[in-house]
Amino acid sequence: MLPSIKLQTLSHQYKARKPEEIYFVTFTIIDWIDIFTRPLYKQIIIDSLDFCCKNKGLNLYAFCLMSNHLHLLVSAKGHYALSDIIRDFKKYTSKKITEAIQNENESRKAWLLNAFSFHASYNKRFQDYKVWQDGYHAVECDSAVILQQKLDYIHHNPVRAHIVAEPQHYLYSSAANYAGEGGLLDVLIAI
């Protein structure tokens, strides 16, 4: 009995429970596949984040889209639930990414669709393809110290990956917004 209680506690440890708080969340592509190497797939994420901010109640404070994962600092507006926004975002982007793979000149088409199909076959919630790993590992940013730590982590991700020398030079991040240069998306400045 004790191990099952511990497992249940761990499975709910990283849920967004306080809608008014800002959360650091990460979404990862299954098997850490580098899907966001093509501008088309990156644009799907940017457009979807923009839509969620304008229509689904998402407050976006920071983001960084890497080749196989997405980091966000987010909260939900008013009566919206962050878990619902995230669910809809992941479902929609999964569909759009697989449609783009099928319809575009993608050299990895068969391999990508096979990988996404394989992972969908293990879960009845998914009909054809599973693009994102389950969960989103929400970490509550309930202090200025934690918020600054997560903001720095997000913005320095492309620097640590040796993609750019300075965080604000990475196009698919909000680091430019924080440097006063504007970016692909409007964000709420957290600090």
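**Note on a cavity and a pocket**

1. The largest cavity here has a volume of about 60 Å³. A cavity is a set of points, on a 1 Å grid over the protein atoms alone, where a 1.4 Å probe fits but cannot get out; the volume is the space filled by probe spheres set on points joined across faces, edges and corners. Keep in mind that this is a predicted model, where local features need pLDDT of at least 70, side-chain atom pairs count only at pLDDT 80 or more, and totals for chains, interfaces and linings use all residues. Residues are numbered from 1 along each chain as its sequence is written, and side-chain values use heavy atoms, leaving out hydrogens and water.

2. What lines the largest cavity? The lining splits into eleven nonpolar, no polar and no charged residues. Helix 3 gives the most, with four residues.

3. Now the second largest pocket, at about 150 Å³. A pocket is an open set with protein on both sides within 12 Å along at least five of seven lines. Helix 2 supplies the largest share of this pocket's lining, five residues. The lining has five nonpolar, one polar and four charged residues, including Asp 47 and Lys 96.

4. A word on confidence: pLDDT (the predictor's confidence in each residue, from 0 to 100) averages 89 over the protein. Over residues 1-14 pLDDT stays under 50. Where pLDDT is low, the predicted coordinates should not be read in detail.

Conventions:
1 Å grid on protein atoms, 1.4 Å probe; cavity = no way out; pocket = protein on both sides within 12 Å on 5 of 7 lines; lining within 4 Å. Helix = DSSP H or I, 4+ residues; strand = E, 2+ residues; numbered from the N terminus. Nonpolar A, V, L, I, M, F, W, Y, C, P; charged D, E, K, R; others polar. Contact = heavy atoms within 4.5 Å.
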